[in-house]
Amino acid sequence: MAHALNPDFPDGVGMTTTEAPFIEQAVSEGRLYITQPYGLYSRENHQTWRDLYARMLPSWEKYANEHFLRGISNLCLDPEMVPRLEDVNTFLNPLTGFKAKPVAGYVPAFLFFDCLRNREFPTTITIRKHDNLDYLPEPDIFHDIAGHVPMHTDKAFADTLVRFGDCAHTAALIAQETKDKEEQVRKLTSVLKAMARFFWFTVEFGLMRGPNGLKVYGSGLLSSHGEIAHSIESPMVQRYPVQLEWVVNQYFEIDHYQPLLFVVDSFDHLFSLVGQLENWMKEGKLDNVAPGEPLMSEADITSFIEAQV
Ligand SMILES: [Fe+2]
């Protein structure tokens, strides 16, 4: 798509999802936690942010939950340019203690949840290509900063993420107490599948019922121009009150709009569900969840077995 790039934008070499020499260098050196080299964003990167933001704003006003809308306003996100994480954190940190922490890419599952426990959110700093605004299988800065971080300004939601990090610690402790190696990996794979499904159907794709009807709080929906409306309006979507026993056994696929979504009443409700998830983990009720997506990678499993807890 042809587009006029704003000549006032600074022009760096580019920090695009598919092409970011700075990130490639960090990955090749084994550096996971990095700084955000702001001058490297290209004019096209800033334009991408601007177009994504402008496209989402009316949908947020219509479909997003009130906590998210308050978060967008409290963070003072710049609609025009890729945000500086430092600026975001200046507004975010005093509210809930959370910080966006720049990362070079994939974060093994235990480290990811451990960051949440420490009120740090591993944040992708690259941005999708301008000619592909819609579909992106991996996270980018728009998904992470515009989709996730506004939710972290809400105390009850932030506490829920921390509670999720506690759950990961419990999972690692239980796994490390299991001496039989094969049984350790089998049970841990099941427990992590349950956690990943819970995270997916709440933090990424959750809906919440409130005084103004059904609203979106899941970040996968909040950062998707097409799916946010679909999630609320489409008769093709099944929407059910969240049930833990269902969620932990429900597979999901990431490459199309979600046909099944779960509804919570409040973030206090969500917080209590995470506590229930942890109790079930301790009781061994997550050791044999239904097979299927998502598949757990060896790196994710190993991150729990080798975690310092
Ligand atoms: Fe996400």
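**Sheet**

What is the order of the four strands in the open sheet? In this predicted model, the strand order is β4-β3-β6-β5, and the pairing is mixed. β4 (213-216) and β5 (238-241) form the edges, each pairing on one side only. From one strand to the next, the twist averages 35 degrees.

β5 pairs with β6 (residues 260-264) in the parallel sense, over four bridges. Within this part of the sheet, Arg239 has Leu261 of β6 as its bridge partner. Helix α10 (residues 225-233) packs on the sheet and touches β3 (207-210), β4 and β6. The direction of α10 makes about 155 degrees with that of β4.

**Helix pair α2 and α10**

Two packed helices are described by the angle between their axes and the distance between the axes. For helix α2 (residues 43-63) and α10, the axes come within 9 Å and cross at roughly 20 degrees. Because that angle is under 35 degrees, α2 counts as roughly parallel to α10. On the α2 side the contact is made by Arg55, Met56, Ser59 and Tyr63; on the α10 side it is made by His225, Ile228, Ala229 and Ile232. The crossing of α2 past α10 is left-handed.

**Nonpolar core**

In soluble globular proteins, nonpolar side chains tend to be buried together. Here the largest nonpolar core has 83 residues. Those with the most contacts inside this core are Cys167, Ala171, Val191, Met195, Phe198, Val216 and Phe304.

Leaving aside neighbours within four places in sequence, Phe304 is in contact with Ala109, Phe110, Ala171, Ala172, Ala175, Leu188 and Leu192.

Notes. Residues are numbered from 1 along each chain as its sequence is written. This is a predicted model: local features need pLDDT of at least 70, side-chain atom pairs count only at pLDDT 80 or more; totals for chains, interfaces and linings use all residues. Two strands pair if DSSP finds at least two bridges between them. Helices (H or I, at least four residues) and strands (E, at least two) are DSSP runs, numbered from the N terminus. Axes are lines fitted to C-alpha atoms, for helices over the stretch in contact, and angles run from 0 to 180 degrees between N-to-C directions. Two residues are in contact if their C-beta atoms, placed from the backbone, lie within 7 Å. A nonpolar core is a set of buried Ala, Val, Leu, Ile, Met, Phe, Trp, Tyr and Cys residues joined through C-beta atoms within 7 Å. A residue is buried if 20 or more other C-beta atoms lie within 10 Å of its own, exposed if 12 or fewer, and partly exposed in between; C-beta atoms are placed from the backbone. Angles under 35 degrees count as roughly parallel, over 145 as roughly antiparallel, 65 to 115 as roughly perpendicular and the rest as oblique. A crossing is left-handed if the near helix is turned anticlockwise from the far one by less than a right angle, and right-handed if clockwise.
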